Amino acid sequence: MNKVQLKRLSLLNFKGIRNLNIDFDNNTNIFGDNGTGKTTIFDSILWLLFGKDSTDRKDFELKTLDSDNNVIPKIDHEVEGDFLVNSEPVRLKRVFREKWVKTKGALESEFSGNETLYYWNDVPMSQKQYNEKVGEIIDEKVFKLITSPSAFNSLKWQDRRDVLVKIAGEVSDADLAAGNEEYIALVAQLTSKSLDEYKKQIAATIKKAKDDIKMIPTRIDEVERSKPEAVNAEKINAEIKLKETEIQKIDDQLLDKSKAFDEVINKRNANQDEIFKLSRKVNLIVFEIAERAKNEVVSQGSKALQVQRLIDEKTNGELVPAESKVKRLESEKTNLQNSISSYENSILEKREQWQTENSKTFVFDENNAICPCCKRPLDAEKVAENKNQLLSNFNSNKKKVLDEINAEGKAISDKKTAAEKEIQELDIRISEGSKYIDNLKSSIGGLRNQLEAAKDEDKSNITAEQLIERYTAENTELSGLKSQIAALEAKEFNLPDQTENNELRNKKVSINSEIQILRDSLKVNDQIKAADDRIAELQKEESMLAQSIANVEKTQFVIENFIKLKIDTIEDRINEKFSFVKFRLFKTQINGGVEECCDALINGVPFSDANTASKINAGIDIINSLCEFYNVSAPIIIDNRESVVKLIDSPSQIINLFVSPEDKKLRIA
């Protein structure tokens, strides 16, 4: 077991204590009146280890105040403690210090904040390093549970229960269910959910089913009240049959009158068909007369049309393409002439380049000849040799440049010659094209003269309208057909009077409406049957819900018994770990149900109702078990120690805080 003991504690300017040194042994008593600083000692230990006070606050006032309750500036606030950790000495120190900075040009320094310094065995450390080393000795949460008798019972009951279950060890559901078929079946349902989740699911199912079953009588009553009053179906069907007989009689009368009406209509339609047939013949004869007249007029004017057609063919088919082609050839000629001008300028430039290059002569200064490598003057032999080499290079390079200029000039000259030759060919083609165009224009002019002569001849001929009028008057068949059509159109076909038919139809509509009303009244019985069927469904649903509730409540009963068995087992295991206190993990409710809890009991009295002495001894008993479970011990700080006559035994170091009115300053004994 890791054993942590406090051997010495030193406070400097901490929460009103200006300077205090305390040496501790295995059982240390500290006496003092209220307000003398007993709780401050506990705060200083927690602040030294974890940076918090006994109420778990990080931000609390630890600075020392003057008589006017103002913070005394520029002093350090320190807590230093000597510990034995498994018999190995460890010194911890935490210093809270104000930072004062004097800026350039200022007369006095200014407060710029606070800082905390950390020391481990007098070696400075960062906060992270310090916290990690403290954590290696003991966990903060565990330290608080095993140093204060009231800490464990200050936790929420769920957290207390979790700690106790860990101390007792897990209880397997399968082991608890062994030998009980109902429990085995229950555990089989817990493959994807916990027992608590399943319990809540069952409770939700029961609640919903009960809510649903409460509503069924209301729903049945609503359906019952919505049922209409029943009707005499036999009597209504008889009335419908009588009215259908009346309808049949009306239909027979309408049919007879309809036959007479149809006969007149058929005769009128036949007369119209005959008129249509004769009209088609008339239209055909009129069309043939119009075609004959048109053809005769066209025949008389065919010469002018032929001449116009020749003019169009000559103009569009020959003249326009020829003129377009000549324009294109002239454009090509212009482009070539521009190119020749450019070639001539280039040839002149090449001649000037050749003359400039050819006029260049070799120049060599024998007096200033130097070596190109070392830059020293050359001797006579080297000068002559170098001169000959340079002359040869000059002549060779000059010849190469002149040859290149000649070659480029010849290429340009060849292009110019080719362009001039192409222009000559274009001039020939343009001349021939112009002659061809002139001949076409002359030919078209002659045709236009012929066209005017042909038009003068056409003005003396008869028009198509005059021919149509003459041929129509001469056609006897056409006049006969028109007479037949007029006679047919003069015939009259009088339809029978429809007044009586309309009265019969209106009567039929009225009777049909009455029949529909009677048939609609029969639907009442269908509504009654549908309502009775719905009531039967609701009654069946009510029965099924009642059975479902019974089945689920049985499962709920099994769950509650299983939970009670599990809690009883866990309680027994937990209570084996304690000698002074016992724990109750469930309460039996009035309705027989089980309510989970975690209450500490001292001789059957709940911890909250026990006296101070019992609470302290119960807290020590709990700490003893926690130390054994966590395999660590630390000083137990007991406040209000004067309330306890005798403490139960504990392997931990004990620090007793006694309220002593006569001790106006802390006294250590």
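In the predicted model, an open sheet is built from 4 strands, which follow one another in the order β12-β13-β3-β14 with mixed pairing. The edges of this sheet are taken by β12 (636-638) and β14 (667-668), and because each of these has a single partner strand, one side of each is left without a neighbour in the sheet. Strand β3, which covers residues 27-32, runs antiparallel to β14 and is joined to β14 by 2 bridges. Within this pairing, phenylalanine 31 has arginine 667 of β14 as its bridge partner.

A contact between two helices was also examined. Helix α1 (residues 38-50) packs against helix α3 (residues 140-147) at an angle of about 160°, and the axes of the two helices lie 11 Å apart. Since angles over 145 degrees count as roughly antiparallel, α1 is therefore roughly antiparallel to α3. The crossing of α1 and α3 is right-handed. On the side of α1, the contact is made by Phe42, Ile45, Leu46, Leu49 and Phe50, which meet Glu140, Phe143, Lys144 and Thr147 of α3.

As regards the confidence of the prediction, the pLDDT averages 85 over the chain, and 92% of the residues reach a score of at least 70. Among the elements of the chain, the highest mean pLDDT, 96, belongs to strand β4 (residues 77-85), whereas the lowest, 78, belongs to helix α11 (residues 464-474).

Technical notes: Residues numbered from 1 in each chain as written. Predicted model: local features only at pLDDT ≥ 70, side-chain atom pairs only at ≥ 80, totals over all residues. Heavy atoms only, no water. Pairing = 2+ DSSP bridges. pLDDT = per-residue confidence, 0-100. Axes fitted to C-alpha atoms, helices over the stretch in contact; angles between N-to-C directions. Parallel < 35°, antiparallel > 145°, perpendicular 65-115°, else oblique. Left-handed = near helix turned anticlockwise from the far one by under 90°. Contact = heavy atoms within 4.5 Å.
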